[in-house]
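Please read each one with the structure open beside it.

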Amino acid sequence: MSTHNPKIRIGRINYTNVWPIYYYFPELIDSNDVEIIEQVPSSLNRAMAAGEIDMGPISSFAYGQSFEDYVLFPDLSVSAYGEVNSILLFHQKPLREIANGRIVLPTTSASSVNLLKIILEKFYHGKPTYEFAAPNLDAMIKDADGALLIGDDAIKENWRNTKYMVSDLGQEWAKWTGKWMSFAVWAIRKETIRQYPEQVAKIFAAFVQSKQQAHRKPDDMIKEAQVKVGGSEAYWHHYFNTLCYDFGPEQWEGLQTYYNFCFELGFLPKAAKIDIWSEKEKTRVTE
Ligand SMILES: C=C(O[C@@H]1C=C(C(=O)O)C=C[C@H]1O)C(=O)O
């Protein structure tokens, strides 16, 4: 690599859901080339929009808000067809009975917040009131009908929960649409592709390789998840195998449906277009 290039600033979601994509990444890339910035999704969304990071996972909703400035890596996402296990609405009564109720949303999320709005407003024909709060279930649900949690917050509360009904938003989405849902996508600022096309290609290759290696050799990663978060070996096997880290035509179709609903319901000013990076496109963007 050229020593004149600055480090590419790469985001990392601070939830276990992204581990397969990062677990072997440090072994596959020169640490002088990259800097990893770990935050909750909503903070990464903001940092990407402000140009404080160059690439990395963001909420798919945040891509919808700034799609003209970003391109998405293929083959990398946090997606699910049905069950997710970490995007959970905890509620006091069945969904159809709370569709006009009071819902508390986590400040950490963007994709799931709008997914829940689609589910309650479009599919259950409700019009709830929404409030935002830090991700703490007891405090959130105290005076509300439902509270949404994502990532490790959702996983841990689900383990403890004995009181509330739980709906997995991935399952709800698949039930009503029959489609995939992508919660996080790997965005690159167009400016970064223009300035550092070679490094971008190298980073992409390392992420894809890390993902493949984690799929083949998940045991160390799973042991680490047990130590850091808790849970059994079987839980994490199931969790990582249920999530899908690919991003191809089936996931694009599901995500486009989500963007179309977001536009229709007024959550996005435009229905975002999914623009996929490729080695060839490098020329187009660099022109
Ligand atoms: C699958 C998940 O998806 C996450 C949900 C996000 C959102 O709602 O904005 C953003 C990034 C994803 O990592 C999860 O939280 O576990």
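1. Histidine 125 sits in the loop between α6 and β7 (129-133). Helices (H or I, at least four residues) and strands (E, at least two) are DSSP runs, numbered from the N terminus. The phi angle of histidine 125 is near 55°, a positive value in a residue other than glycine. Histidine 125 counts as exposed because it has 10 C-beta neighbours inside 10 Å. The cut-offs are these: a residue is buried if 20 or more other C-beta atoms lie within 10 Å of its own, exposed if 12 or fewer, and partly exposed in between, with C-beta atoms placed from the backbone.

2. Two remarks on the source. The model is predicted, so local features need pLDDT of at least 70 and side-chain atom pairs count only at pLDDT 80 or more, while totals for chains, interfaces and linings use all residues. Residues are numbered from 1 along each chain as its sequence is written.

3. Aspartate 75 also has a positive phi, of about 65°, although it is not a glycine. This aspartate belongs to strand β4. Aspartate 75 is partly exposed, because 17 other C-beta atoms lie within 10 Å.

4. Along the principal axes, the C-alpha atoms fill a box of roughly 60 × 45 × 30 Å. Of the 287 residues, 44% are buried.

5. Two residues are in contact if their C-beta atoms, placed from the backbone, lie within 7 Å. Among contacts with a separation of 6 or more, 85% join residues 24 or more positions apart.

6. How is the protein divided into domains? The assignment gives domain 1 (8-80 + 181-286) and domain 2 (87-177); such bounds come from an automatic or database domain assignment. The C-alpha centres of domain 1 and domain 2 are 24 Å apart. Contacts link 22 residues of domain 1 with 20 residues of domain 2. On the side of domain 1 that touches domain 2, α3 (41-49), α4 (60-66), β10 and α14 (249-264) each supply at least two residues. Helix α14 gives the most to that side, with four residues. The residues of this side of domain 1 divide into 14 nonpolar, eight polar and no charged. Here Ala, Val, Leu, Ile, Met, Phe, Trp, Tyr, Cys and Pro count as nonpolar, Asp, Glu, Lys and Arg as charged, and the others, Gly among them, as polar.

7. Which residues come nearest to the ligand? There are 17 residues around the ligand, and Ser59, Ser86, Ser109, Ser112 and Phe183 come nearest. A residue is near a molecule if its C-beta atom, placed from the backbone, lies within 6 Å of it. Domain 1 and domain 2 each give at least three residues to the shell around the ligand. Within that shell, α6 (111-123) and β10 (181-189) each supply at least two residues. The shell contains 10 nonpolar residues, seven polar and no charged.

8. Helix α8 (residues 151-160) contains glycine 151. Glycine 151 is buried, because 24 other C-beta atoms lie within 10 Å. Leaving out residues up to four places away in sequence, glycine 151 touches Tyr15, Asn17, Ser86 and Thr108. The buried residues in α8 are Gly151, Asp153, Ala154, Ile155 and Glu157. Their cover includes β5, α7 (137-141) and β8 (146-150).

9. In helix α9 (residues 169-177), the buried residues are Leu169, Gly170, Glu172 and Trp173. Seen down the axis of α9, these buried residues fall within an arc of 160°, so they line one face of the helix. The arc is that of the directions from the helix axis to the C-beta atoms. The buried residues of α9 pack against β4 (70-80), β5 (87-91), α6, β9 (165-168) and β10. Just after α9, glycine 178 has a positive phi of about 70°.
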